[in-house]
Every structure is written in C-alpha cells, then in structure tokens.
Amino acid sequence: DNFSSPGSVNRWSNKSVVTEFILLGLSSSQELQLFLFLIFSVFYGAAVLGNILIILIAITDSRLHSPMYFLLSNLSFIDVCQATFATPKMIADFLREHKTITFQGCMSQIFFLHVFGGSEMVLLVAMAYDRYLAICKPLHYMTIMSRKVCAILVGVSWAIGILHSSSHLALTVDLPFCGPNKVDNFFCDLPLVIKLACLDTYVLEILVLTNSGLLSLICFLLLLISYTVILATVLRQSPGGTSKALSTLSAHITVVVLFFGPLIFIYIWPFESFPIDKFISVFFTVFTPFLNPMIYTLRNKDVKEAMKKLRKQHVGSKEVS
C-alpha cells in the first residue's frame with residue numbers, strides 16, 4: 001500500500017486525495033455492536049459524571065482547598081477530555097453501518113489525544129512533586145506550593161501537552177494520503193494513520209516514536225524516583241501518620257500504573273498491529289478516566305467525607321423543598 005518513490009506519490013495524488021477515513025471499529029458483528037453500545041454508554045457516562053463530581057467537591061468543600069486537590073481536580077478535567085475526544089463518536093458508530101471520519105476530524109482526534117495524554121503525564125509528575133513536598137518537606141510545603149505555583153504547574157502541563165501534540169500534527173497533516181484509508185481502530189490512532197501515507201514512512205515512524213517515547217520515559221523516571229523517595233520517607237516515619245500517607249500514595253501510584261502500563265506495551269511494539277491494541281485503546285480512553293475517580297474516592301478519606309457531605313446537602317435541600 002505504501003509507495004516510496006516521489007514519482008509514484010505524484011501519480012497517486014493526481015488520481016485521488018483521501019478526504020475521509022473509514023474506521024473499522026471494535027467489531028463487525030451487529031449483535032455485538034448493540035451490546036457494546038450499551039456497555040460503553042454506561043462506562044462513558046460514569047467516567048464523565050465521576051470526574052465532574054470530583055471537580056465539584058474540590059471546588060465546593062473548603063477542606064479540599066489544598067494544592068493536592070487542586071491538581072486532582074485538574075486531572076479529573078483532563079480525564080473528562082480524554083474520555084470525550086473519541087468515545088462519543090465510537091458509541092454513535094456502533095449504530096451506524098458506515099463508520100467514517102473526515103480528514104480534518106481525523107487530524108483533530110490525533111491532536112487532542114496527544115494534548116490530553118501529554119498533559120496528563122506531566123500533571124502526574126506535578127502531583128508526585130506535591131506529595132514529595134508534603135511528606136519530605138512538610139515545614140516548607142505551603143510556602144512552596146502556593147496558588148501561583150499550582151497554577152504554573154497546571155499551565156506547564158498543558159503547554160507541554162500542546163507542544164508535544166503540535167509536533168506530531170506537523171509531521172502528519174501534510175503527508176500524501178492518496179489511496180488506502182481504512183484505520184483498524186475506533187479512532188484515528190497516529191501510527192495506523194501514518195502507515196496509510198503513500199510514501200516510505202520509516203523515518204517518520206522513528207520521529208513519532210522518539211517524540212512520544214522521550215516524554216513518556218522522562219515522566220515515568222521522574223515518577224519512579226519521586227515515589228521511591230516518598231515511600232522510603234514514609235516508612236521511616238512514626239506509625240501514626242504512616243497509614244494515611246500510604247493510603248493517599250497507593251491511590252496516586254495505582255493511577256500512575258494504570259496510565260503508564262498500556263503505554264509501555266504500545267512503545268515496545270509501536271508500529272506492529274496486535275488484536276490487544278484495540279483493548280489498550282479502549283482502556284486508555286474509557287476505562288482509565290472511569291477508574292481514576294473510583295480509586296481516589298475509595299482510597300481517600302477526605303474525598304469520601306466530602307462526597308457524604310454533598311449527598312447530605314442534596315438530600316436536605318430535597319426535604320426542604
């Protein structure tokens with residue numbers, strides 16, 4: 001399907017230019033697609049509501065007006081975005097016979113996937129830095145983690161995400177797509193789209209892998225070092241404060257593992273296609289945003305108490321009315 005010589009590219013681009021891509025989706029079975037429509041509608045709805053709830057309680061409950069919960073609410077916002085960039089279209093496509101996406105729509109999906117993915121990676125590092133200061137430098141914590149610093153950390157995470165994604169888009173948007181247009185996934189996955197270009201994409205694949213791989217590796221190493229130092233400090237402390245610190249840390253570490261686990265698999269075989277790739281895509285775009293609020297709610301006493309308070313207020317207001 002790929003053509004390496006410039007002459008062949010010109011001949012093909014003169015004949016036809018791809019204006020839309022066909023998404024092969026998760027399954028071709030009509031019965032299974034109806035079942036998947038129901039399942040993913042529930043998971044998507046729960047992911048969005050769960051993350052919005054965390055944002056809501058972080059804003060309304062004065063006990064959660066701290067740097068950690070400010071960063072957590074921003075993580076929840078990214079998770080809402082991560083769940084929304086492709087999932088609603090996937091759900092709608094389960095009811096459609098022809099699953100297509102315009103060229104512009106495809107490029108938009110690639111852009112937003114890497115913006116949200118890159119931003120979340122950097123934000124997870126910021127959250128690890130916050131926990132490091134809170135546990136290892138408690139006397140300086142509130143001085144260092146001021147509102148301004150928190151805002152800068154969130155701003156930097158978005159800036160790096162946008163820069164990371166823009167570099168991917170710059171490499172992809174002008175590629176000659178002149179024939180093959182079937183993407184074997186439910187959204188425009190960058191490696192799959194690049195392979196459809198009518199030229200030798202080997203160098204481009206290496207550039208894409210280096211771009212994403214470097215950002216992921218740097219963030220992963222920073223997280224690994226941070227949590228190793230934090231855990232060592234917690235285990236040296238008195239037993240009284242250890243259980244709460246470990247409970248909070250376990251939630252953070254679980255979220256990091258859920259985020260980077262699929263990424264590690266993707267970067268081991270980035271441009272090879274496996275049946276499990278679609279499961280990893282679903283996990284990354286639907287299940288991770290769904291699980292994150294549950295992990296923080298189940299493992300965090302403050303969040304659980306804030307949720308109880310919000311529920312009581314809601315019940316109380318109903319009884320008054």
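Predicted model: local features only at pLDDT ≥ 70, side-chain atom pairs only at ≥ 80, totals over all residues.
Let's start with the covalent links. Counting pairs of cysteine sulfurs that lie within 2.5 Å, the total comes to two disulfides. One of them ties cysteine 106 to cysteine 188, with the sulfurs 2.1 Å apart. Where do these two cysteines sit? Cysteine 106 belongs to helix α5, while cysteine 188 is in the loop between β3 (182-183) and α8 (190-194). If you look along the link of cysteine 106 and cysteine 188, the angle about the S-S bond is -120 degrees, a left-handed arrangement.

Next, find two helices: α7, covering residues 147-172, and α9, covering residues 202-236. Their axes come within 10 Å of each other and cross at roughly 175 degrees. Angles over 145 degrees count as roughly antiparallel, so α7 is roughly antiparallel to α9. Which residues make the contact? From α7 come Ile160, His164, Ser167, His168 and Leu171. Facing them from α9 are Leu204, Leu207, Val208, Asn211, Ser212 and Leu215. Sort this contact by class and you get six nonpolar residues, five polar ones and no charged ones.

Now for the gaps. Rolling a probe the size of a water molecule over the atoms shows where empty space is left. Across the whole structure, a search turns up two cavities of 30 Å³ or more. The largest has a volume of about 50 Å³, and its lining is made of Leu23, Gly25, Leu26, Met90, Asp93, Phe94, Lys99 and Phe186. Five of the residues lining the largest cavity are nonpolar, one is polar and two are charged.

The second largest cavity comes in at about 40 Å³. Around it you'll find Met68, Tyr69, Leu72, Ser247, Thr248, Ala251, His252, Tyr296, Arg299 and Asn300. Helices α3, α10 and α11 (276-299) each give two or more residues to this lining, and α10 has the largest share, with four. By class, the lining of the second largest cavity has five nonpolar residues, four polar and one charged.

Helix α10 turns up again in the second largest pocket, where it gives the most to the lining, with five residues. How big is that pocket, by volume? The second largest pocket has about 380 Å³. It is lined by 18 residues, and the closest to its centre are Arg131, Ala134, Lys244, Ala245 and Thr248. Thr248 is one you have already met, in the lining of the second largest cavity. Four helices supply at least two residues each to the pocket lining: α3 (67-84), α5 (103-136), α10 (239-268) and α12 (301-320). As for the kinds of residue around the second largest pocket, seven are nonpolar, six are polar and five are charged.

Technical notes:
Residues numbered from 1 in each chain as written. Heavy atoms only, no water. 1 Å grid on protein atoms, 1.4 Å probe; cavity = no way out; pocket = protein on both sides within 12 Å on 5 of 7 lines; lining within 4 Å. Points joined across faces, edges and corners; volume = space filled by probe spheres on them. Nonpolar A, V, L, I, M, F, W, Y, C, P; charged D, E, K, R; others polar. Axes fitted to C-alpha atoms, helices over the stretch in contact; angles between N-to-C directions. Parallel < 35°, antiparallel > 145°, perpendicular 65-115°, else oblique. Contact = heavy atoms within 4.5 Å.
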